[in-house]
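The following report goes through a model with its sequence and coordinates at hand.

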Amino acid sequence: MVRNTSNAPEGTPTWLDLGIPDIERARRFYGGLFGWEFHDVGPEGGHYQLCLKDGQQVAGMIRNDEPDADYWWQMHFATDDCDGTLKRVTDAGGTVVAPADDVLEQGRMAIVKDSTGAQFGLWQGRAHIGSVIVNEHGSLLWNELHTPRGEQAREFYRAVFDLQAEPVAEAPGFVVLRRPDGRYIGGIQDDPRAVRSTWVTYFAVDDVDAALRAVRDGGGSQVSEPLDTPWGRWATVRDPFGTEFRVMTPAPDPEG
């Protein structure tokens with residue numbers, strides 16, 4: 001159980017949001033799956049929806065009516081200097097999707113793509129520090145980049161955030177990413193079969209099988225059978241709009 005009270009260190013996944021065409025349907029689905037409640041920030045914030053657990057922000061949603069849009073949970077990396085990080089992104093071969101801009105008094109944000117084409121956000125928190133709750137049921141647990149160009153991706157995230165890649169012996173082609181202070185923050189799966197480079201979000205759940213039933217009951221779909229690994233039990237699912245993500249029950253901490 002983690003409760004964040006200040007901005008996460010630079011290079012840490014700190015926020016998630018989703019743009020979908022039907023907010024009410026999304027609220028029913030994710031409320032049923034994760035037990036979330038919701039807060040509409042109002043017209044000045046474009047009716048952005050804060051997703052709340054125990055009254056604390058864990059993610060966000062906004063209406064997206066773009067025809068034929070692809071929907072995904074977009075991950076945002078914490079940064080101490082959005083504009084400076086944006087320059088490192090472009091210097092490392094990335095591209096700017098939306099330039100740095102202030103979001104009311106909440107913080108400063110930009111949307112970019114890495115050098116392999118995977119999209120993510122940058123968030124320099126002010127009033128809004130990102131996800132207050134992580135690593136427990138209904139909140140952000142883990143992020144992985146799936147890409148056919150793993151070596152290029154590793155170099156990009158080293159150059160932008162000084163994230164170091166460590167191979168995992170039990171998972172060929174997979175590396176975990178470590179901050180300079182030693183904290184693991186995500187991974188990269190080198191997958192030659194991947195059609196495009198995409199960040200994949202894992203949400204923590206208390207019971208994967210119960211979560212799969214909730215997904216189906218809410219109008220979503222199950223993409224894969226649950227898989228038991230040394231790190232926990234997980235499965236891939238889609239929400240009613242086709243947004244793909246993973247639900248995972250982490251393995252117990254051997255240190256308690």
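## The enclosed cavity

The largest cavity is lined by Asn7, Ala8, Thr14, Ala78, Thr79, Trp123, Gln124, Gly125 and Ile129, where a cavity is, on a 1 Å grid over the protein atoms alone, a set of points at which a 1.4 Å probe fits but cannot get out, and lining residues have an atom within 4 Å of a point. The space in this cavity is about 30 Å³, a volume being the space filled by probe spheres set on the points, with grid points joined across faces, edges and corners. The structure holds one cavity of 30 Å³ or more. Strand 9 (residues 119-125) gives the most to the lining of the largest cavity, with three residues; strands here are DSSP runs of E with at least two residues, numbered from the N terminus.

This is a predicted model, in which local features need pLDDT of at least 70 and side-chain atom pairs count only at pLDDT 80 or more, while totals for chains, interfaces and linings use all residues. Residues are numbered from 1 along each chain as its sequence is written, and side-chain values use heavy atoms, with hydrogens and water left out.

## The largest pocket

A pocket is an open set of grid points with protein on both sides within 12 Å along at least five of seven lines, and the largest one contains about 1,400 Å³ of space. Its lining comprises 42 residues, of which Leu141, Trp142, Tyr184, Trp231 and Met248 are the closest to the centre. Among the elements that give two or more residues to this lining are strand 2 (13-20), strand 12 (164-167), strand 13 (174-178), strand 14 (184-190) and strand 17 (227-229). Strand 11 gives the most, with six residues.

Arg179 is found in the loop between strand 13 and strand 14 and counts as buried because its relative accessibility is 7%, the cut-off for buried being under 20% relative accessible area (1.4 Å probe, protein chains only). The side chain of Arg179 makes a polar contact of 2.7 Å with that of Thr12, a polar contact being a pair of N or O atoms within 3.5 Å of which, within protein, one must be able to donate a hydrogen and the other to accept it, and residues adjacent in sequence count only if both atoms are side-chain atoms. Residues up to four places away in sequence apart, Arg179 touches Pro9, Glu10, Thr12, Leu163 and Ile185, contact meaning heavy atoms within 4.5 Å.

Asp239, in the loop between strand 18 (232-238) and strand 19 (244-250), is likewise buried and has no salt bridge, which would need a side-chain nitrogen of Lys or Arg within 4 Å of a carboxyl oxygen of Asp or Glu. The nearest side chain of opposite charge is that of Arg238, at 8.0 Å, where Lys and Arg count as positive and Asp and Glu as negative, and His and the chain ends are not counted. The side chain of Asp239 does reach the backbone nitrogen of Thr243, at 2.9 Å.

## Positive phi in two loops

Most residues other than glycine have a negative phi. His47, in the loop between strand 3 (37-40) and strand 4 (49-53), has a positive phi of about 55°, and its relative accessible area of 41% makes it partly exposed, the class between 20% and 50%. Asp54, in the loop between strand 4 and strand 5 (56-63), has a positive phi near 50° and is exposed at 58%, exposed meaning over 50%.

Key:
Helix = DSSP H or I, 4+ residues; strand = E, 2+ residues; numbered from the N terminus.
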